[in-house]
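Please look over the sequence and the model before reading on. The report is meant for a reader who has not seen this structure before.

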Amino acid sequence: MESPGEGHQRTLPLDRNRELLKSAREEIYKTVGDISLPVYIWEPDADKAPPYPKSVAAFFFSSGWDNGQIAQFAPHCVYFASRGMMTMAFDYRITHRNHGGPLEAIADARSAMRWIRLNAVELGINPGKIVGVGGSGGAHAITSSAMLSGFDDPADILDSSPSPNALVLFNPVLDTSKKGFGLDRFPDAGVAKDANLIRAIKPGLPPMLIMHGTADRVVPFGGTYEFAKKSSKKKNFCRLIEFEGQGHGFFNFNLSFEMYEATLMAMDEFFVELGFLEPDPEAGLGKVD
């Protein structure tokens, strides 16, 4: 008896995000042993690029340091390139792909920031206008670059700053204690404590926009709320947008276009507010080809 699909070539569903990667330029930003880590780069069109060095949005995909897809933020990259920014999606080491974990992710995010700054002239970007964007474990990695000392790759040029100039975080891992997320993914409790961002809050942090669903069952919303409250008390610019009833990953293009659009426009407004993007009354998803 012939099965329903027998004799017919199966057509896999189109992964739009993965397809969007093909519109980017790929470079290797870091090599560790036999592991080469790529960055995908989108340039703004000539008519959208500013007449001065461009701002950069550097994206680090969501993960629990175990799984994740570099293509996740490709729609965001395409949009902000259309607004005149240079955008980059960075790969970093995770468990199931290249035997990484939280410490490798932190080191790779720091290396990525330094790579951008060391290549600023060649890239035509402003090294003082780099936004780090991340989700979940990727958000922890890039926020660590701004908040923690150490955790560096010894091969890095350490006199180049690993800190982004601003941060946008989606359902971020900010508390790695027992009541947060990820304690068991660190080598031991002491290292997890050293990497606990809620314990590392100090004045003078880069401005942050944090977006988190209140019904997140993976990364507790309470930790983010506490982080934002404590950071604001230290006189930092820390804006938390609560998405009532939304779960983990609510902002992804392929999950909810409505939420994707709402978070994207919040980012756009934040970038304009910081002076990283020019205001544009025509900006918006309805205006993107």
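## Basis of the description

This is a predicted model, in which local features need pLDDT of at least 70 and side-chain atom pairs count only at pLDDT 80 or more, while totals for chains, interfaces and linings use all residues. Residues are numbered from 1 along each chain as its sequence is written, and side-chain values use heavy atoms, with hydrogens and water left out.

## Helix 4 and helix 6

Helices here are DSSP runs (H or I, at least four residues) numbered from the N terminus. Helix 4 (residues 102-118) and helix 6 (residues 136-147) have axes that come within 8 Å and cross at roughly 60°, where axes are lines fitted to C-alpha atoms over the stretch in contact and angles run from 0 to 180 degrees between N-to-C directions. That angle makes helix 4 oblique to helix 6, a word for angles left over once those under 35 degrees (roughly parallel), over 145 (roughly antiparallel) and 65 to 115 (roughly perpendicular) are set aside.

On the side of helix 4, the contact (heavy atoms within 4.5 Å) is made by Ala 105, Ile 106, Ala 109, Arg 110 and Met 113, and on the side of helix 6 by His 140, Ala 141, Ile 142, Ser 144 and Ser 145. These residues divide into 6 nonpolar, 3 polar and 1 charged, with Ala, Val, Leu, Ile, Met, Phe, Trp, Tyr, Cys and Pro counted as nonpolar, Asp, Glu, Lys and Arg as charged, and the others, Gly among them, as polar.

## Helix 2 and helix 9

Helix 2 (residues 74-82) packs with helix 9 (residues 257-274) at an angle of about 45°, their axes lying 12 Å apart, and the two are therefore oblique to each other. Pro 75, His 76, Tyr 79 and Phe 80 of helix 2 meet Tyr 260, Leu 264, Met 265, Met 267, Asp 268 and Phe 271 of helix 9, a set that divides into 8 nonpolar, 1 polar and 1 charged.

## A pocket and a cavity

On a 1 Å grid over the protein atoms alone, a pocket is an open set of points with protein on both sides within 12 Å along at least five of seven lines, a cavity is a set where a 1.4 Å probe fits but cannot get out, and lining residues have an atom within 4 Å of a point. The second largest pocket has a lining of 2 nonpolar, 7 polar and 3 charged residues, and helix 1 (residues 16-21) gives the most to this lining, with 3 residues.

The largest cavity is lined by residues including Pro 172, Asp 175, Phe 181 and Thr 224, and its lining divides into 6 nonpolar, 3 polar and 1 charged.
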